[in-house]
Amino acid sequence: MGTAALVTGASSGIGRATACRLAAHGATVALLARQAEALEQVCREIRSAGGDAFVVCADLVDAVGAEQAVAQVIDRAGRLDMLINCAGAAHLSSFADDAPSQWQCMIDTNLSGTLNVSHAALSYLAAAARSDRGTADLVTVGFTAGRQSGPVTSVYAATKQAITAWSEGLRRELAPSGVRVGLIQPGLVDTPLARRLGAGPGQGLNAAVVADAIVYVVTRPAGVAVAELVVRAVGR
Ligand SMILES: NC(=O)c1ccc[n+]([C@@H]2O[C@H](COP(=O)([O-])OP(=O)(O)OC[C@H]3O[C@@H](n4cnc5c(N)ncnc54)[C@H](OP(=O)(O)O)[C@@H]3O)[C@@H](O)[C@H]2O)c1
C-alpha cells in the first residue's frame, strides 16, 4: 500500500483487527488509544508479522490531545492517508436507569472524540489526496443502532445517529478535495466491548470481518467512494 494510516481504538476489538489488516496490506499504522501497554502489544504483533506500526497514546476526548496525536503521526510517518475512527464507548441501559456520567462518556467518546481527531486530521488527508495516491480516506465505525434505536440503546444510538449525520455531511463537504468519507455500520461484533455488555463468546461477527470491510473501503480505486456499508451476521 505504501501509505500511512491512523487507527483509533487500535488496542482492542475492531480497531485492533483493522490495524493488523491494514499493516498486512503494507500500510504504516499509527495505533491510537489511551492505554499504552495494550497498544505496545498490538505493535509487537504487527512488527513480528513483518508490518510497520507505532504507538500514539492519547485521550481523544481532549481536543488538544487529539491534535497533538495527529501531529505525532505526521512527525513519524510524514503523511496521513487514512484515518479509521474505531474508538468508542457503550453503556446499554434504559434511560430511566442511566446516570449522567454514563451518557456523557458515550457522547464524549463517540461524538466529541471522533470529531476532535477527524478535525485535526483533515488538512493532512487533503494533502494526501493531492499526492501520488490521488485519494485519502476517513472511515468511521458506527453501529446498526445508528439506523434504529431501542429501549436500552437510546443514548448510544443517539451518538451513532449523530455520527451518521456528520459522516454524510462531511462526505459531501470533502468530496471536492478527493478525501473519501465512509461509514461502516456493523451489527453485534464479538469484542471486549460486546462482552462487557453481556454478549457471550462467539456471539456476533468476528472483528476481522469488520476489518475486512474497512480494508475494502480504503482499497477502492481513486474515483470510487463507498459511502456506507452495513455488515450484519446472517440471521440477525
Ligand atoms: N462490538 C460491537 O458489537 C460493535 C458493533 C458495532 C459498532 N461498534 C463500534 O465499534 C467501535 C469499536 O468497538 P469495539 O467493540 O471494538 O470496542 P472495544 O473493544 O472496547 O475497543 C474500544 C477502543 O476504543 C479505545 N478508546 C475508548 N475511549 C477512548 C478515548 N477517549 N480516546 C482514545 N481511545 C479510546 C479503547 O482503548 P483505551 O481504553 O485504551 O482508550 C479501545 O481501543 C466503537 O465505536 C463501537 O461503538 C461495536
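How much space lies in the second largest cavity?

Author: About 40 Å³ of space lies in the second largest cavity. This is a predicted model, where local features need pLDDT of at least 70 and side-chain atom pairs pLDDT 80 or more, while totals for chains, interfaces and linings use all residues. Residues are numbered from 1 along each chain as its sequence is written, and side-chain values use heavy atoms, without hydrogens or water.

A cavity is a set of points on a 1 Å grid over the protein atoms alone where a 1.4 Å probe fits but cannot get out; lining residues have an atom within 4 Å of a point. Points join across faces, edges and corners, and volume is the space filled by probe spheres on them.

Asp137, Leu138 and Val139 line the second largest cavity, along with Arg180, Val181 and Gly182. Val217, Ala225 and Val226 also line this space. Strands β5 (136-141) and β6 each give two or more residues to that lining. Elements are DSSP runs, numbered from the N terminus: helices (H or I) of at least four residues, strands (E) of at least two. By class, the lining has six nonpolar, one polar and two charged residues. Nonpolar covers Ala, Val, Leu, Ile, Met, Phe, Trp, Tyr, Cys and Pro; charged is Asp, Glu, Lys and Arg; the others, with Gly, are polar.

The structure holds three cavities of 30 Å³ or more. Val181 lines the largest cavity, together with Leu183, Thr164, Ser167, Glu168, Arg171, Ala227 and Glu228. Two elements, α5 and β6 (179-186), each give two or more residues to the lining of the largest cavity. Helix α5 gives the most, with four residues. Three nonpolar, two polar and three charged residues make up that lining.

Follow α5 (154-174) to the largest pocket, where α5 supplies at least two lining residues. A pocket is an open set of points with protein on both sides within 12 Å along at least five of seven lines. The largest pocket has a volume of about 1,200 Å³. Of its 43 lining residues, Gly88, Ala89, Tyr156, Thr191 and Leu193 are the closest to its centre. Helices α1, α4 (100-129) and α6 (192-196) and strand β2 (28-33) also supply at least two each. Helix α6 gives the most, with four. The lining divides into 23 nonpolar, 14 polar and six charged residues.

Tyr156 of α5 also meets α4. Helices α4 and α5 pack at about 15°, with their axes 8 Å apart. Axes are lines fitted to C-alpha atoms over the stretch in contact, and angles run from 0 to 180 degrees between N-to-C directions. That makes α4 roughly parallel to α5. Angles under 35 degrees count as roughly parallel, over 145 as roughly antiparallel, 65 to 115 as roughly perpendicular, the rest as oblique. Contact means heavy atoms within 4.5 Å. Among the α4 residues that meet α5 are Trp103, Met106, Ile107 and Leu111. Their partners in α5 include Val155, Thr159, Ile163 and Trp166. By class, the contact of α4 with α5 has twelve nonpolar, four polar and one charged residues.
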